[in-house]
Amino acid sequence: MKHQKRYDDQLKLQAIEMALEGSKSVAQIARDLDIKDNTLYGWVDKHRRDNPDKASTKLVVAIPVDLEAQNRKLKRELARALEDVELLKKAAAYFAVHK
């Protein structure tokens, strides 16, 4: 049976405030405070549900990415990597024959 860590209310409030402030990612705050990411996300989510009318409950979310541009970039990188693999295969075959 796993032992669950207990965190005091002051630490929870401090972590939630830092997350809502948005100067760092929730994951980074969790690492800094030695808390699991999911635990901190749960605290923030519960705080937001318990305080829906507060303006300070906005959690900074990652900037949306242009998925089409990212897809094109990844396809180019994949094509380059596949070319490198083919070149390495040819080089290995050449050196295997010319020992």
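Begin by selecting α1 (9-21) and α3 (37-50), helices in the sense of DSSP runs of H or I of at least four residues, numbered from the N terminus; their axes, lines fitted to C-alpha atoms over the stretch in contact, with angles running from 0 to 180 degrees between N-to-C directions, come within 10 Å and cross at roughly 80 degrees. The two helices are therefore roughly perpendicular to each other, a label that covers 65 to 115 degrees. This is a predicted model, in which local features need pLDDT of at least 70, side-chain atom pairs count only at pLDDT 80 or more, and totals for chains, interfaces and linings use all residues. Residues are numbered from 1 along each chain as its sequence is written, and side-chain values use heavy atoms, with hydrogens and water left out.

Next, show the side chains where the helices meet: Lys12, Ala15, Ile16, Ala19 and Leu20 of α1 are in contact with Leu40, Trp43, Val44 and His47 of α3, contact meaning heavy atoms within 4.5 Å.

Keep α3 selected and look down its axis. Leu40, Trp43, Val44 and His47 are buried, that is, under 20% relative accessible area with a 1.4 Å probe and protein chains only, whereas exposed means over 50%.

Finally, select Trp43, which, leaving aside neighbours within four places in sequence, is in contact with Tyr7, Lys12, Ala15, Ile16 and Ile35.

Notes: Parallel < 35°, antiparallel > 145°, perpendicular 65-115°, else oblique.
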